[in-house]
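Subject: Structure handover

Hello,

Here is the structure I promised to pass on. Please open it beside this message and follow the notes below it.

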Amino acid sequence: MTVISSSQDAQERRFAELAGNLAAVRGRIEAACAAAGRAAADITLIAVTKTFPASDVMLLNRLGLGDFGENRDQEAAPKAAACAAAGVRPRWHFVGQLQVNKAGSVVRYADVVHSVDRARLVAALGRRAALAGREISCLVQVSLDAAPPAGTSQDGRGGAPPDEVLGLAAAIQAEPALSLAGVMAVAPLGEPARPAYARLRQIAQSVRSEFPSAVAISAGMSDDLGEAIAEGATHVRIGTALLGGRRAFVR
Ligand SMILES: *Cc1c(COP(=O)(O)O)cnc(C)c1O
């Protein structure tokens, strides 16, 4: 064995591991869809590659995945650039809490921002996307915490209170460089996921009744994708089940 072939072996082993994980996740999505009477083709699987290298994005892309999620601009921007330099241009979804001063960087590579949760961020994304000559799909991130402590950012997980969602949706629609795709949420801590996702589904319906094209419901992670699909999720954001354990994980 030469040194060169051992690093190729490592990539081939990783490819096989990712292929197995992807098959298992697709199996779970199909089972959840069958149970809910839905078509698996209606679910977009987003691989959340935070903390994993660009090489994993490229391997998953070879396996047929075209949607990737990241939660920190400092990590996502160079990863997207590395992929683009290798000719791999998937759809990038920004799923993490976003500071206004990062909007100008994010709009350069992200196609979809799932974490729009305040008016200042709508304005910054709208202005920066227009300057960059890009159109960005936006989802309003909803906080599903039963009783968010007043004036806090809910453990840093973000999300607008449900009564602010329609106003944010209208603000997004009013920005020429932004389009409203739907709603997103992270399951609250210390509460079963399914009833929380049922609340999200109702909020999504109220948004869709005013904005008929806003059909996306981004919900479901490695542990609760079945509950999310049962409650109408159209986009699941899967990290651990596809890529393995991350070293540090703050939800
Ligand atoms: C990390 C992350 C995910 C993926 O979480 P897993 O439990 O590893 O599947 C999904 N959504 C957001 C917003 C995340 O930050």
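Two strands are said to pair if DSSP finds at least two bridges between them. Strands themselves are DSSP runs of E with at least two residues, while helices are runs of H or I with at least four residues, and both are numbered from the N terminus. The model is a predicted one, in which local features need pLDDT of at least 70 and side-chain atom pairs count only at pLDDT 80 or more, while totals for chains, interfaces and linings use all residues. Residues are numbered from 1 along each chain as its sequence is written, and side-chain values use heavy atoms, with hydrogens and water left out.

Strands β1 and β2

β1 and β2 pair in the parallel sense, over two bridges. Ala47 stands opposite Phe68 in β2. From strand β2 (residues 67-70), Asp67 and Gly69 point one way, Phe68 and Glu70 point the other way, and all are buried. Buried here means under 20% relative accessible area, exposed means over 50%, and partly exposed is in between, using a 1.4 Å probe and protein chains only.

Thr51 sits in the loop between β1 (44-48) and α2 (54-62). Its phi is near 75°, which is a positive value in a residue other than glycine. Thr51 counts as partly exposed because its relative accessible area is 44%.

The ligand

Which residues surround the ligand? They are Val48, Lys50, Val95, Met184, Met221, Ser222, Arg237, Ile238, Gly239, Thr240 and Arg246. A residue is near a molecule if one of its heavy atoms lies within 4 Å of it. This shell divides into five nonpolar, three polar and three charged residues. Ala, Val, Leu, Ile, Met, Phe, Trp, Tyr, Cys and Pro count as nonpolar, Asp, Glu, Lys and Arg as charged, and the others, Gly among them, as polar.

Polar side-chain atoms of the shell can be followed one by one. That of Ser222 lies 2.5 Å from an oxygen atom of the ligand, and that of Lys50 lies 2.6 Å from an oxygen atom of the ligand. Taken alone, the ligand exposes 390 Å², and the protein buries 91% of that. These areas come from the Shrake-Rupley method with a 1.4 Å probe.

His114 lies in strand β4 (residues 112-116), and is classed as buried because its relative accessible area is 1%. Its side chain has a polar contact of 2.8 Å with the side chain of His93 and one of 2.9 Å with that of Ser218. A polar contact is a pair of N or O atoms within 3.5 Å; within protein, one must be able to donate a hydrogen and the other to accept it, and residues adjacent in sequence count only if both atoms are side-chain atoms.

Leaving out residues up to four places away in sequence, His114 touches several others, including Gln141, Met184 and Arg237. Touching, or contact, means heavy atoms within 4.5 Å. Gln141 is in strand β5 (residues 136-141), and is buried, with a relative accessible area of 2%.

Val207

Is Val207 buried or exposed? Val207 is buried, because its relative accessible area is 1%. Val207 belongs to helix α7 (residues 193-210). Val207 and Val183 are 24 residues apart in sequence and 8.2 Å apart in space, C-alpha to C-alpha.

Regards
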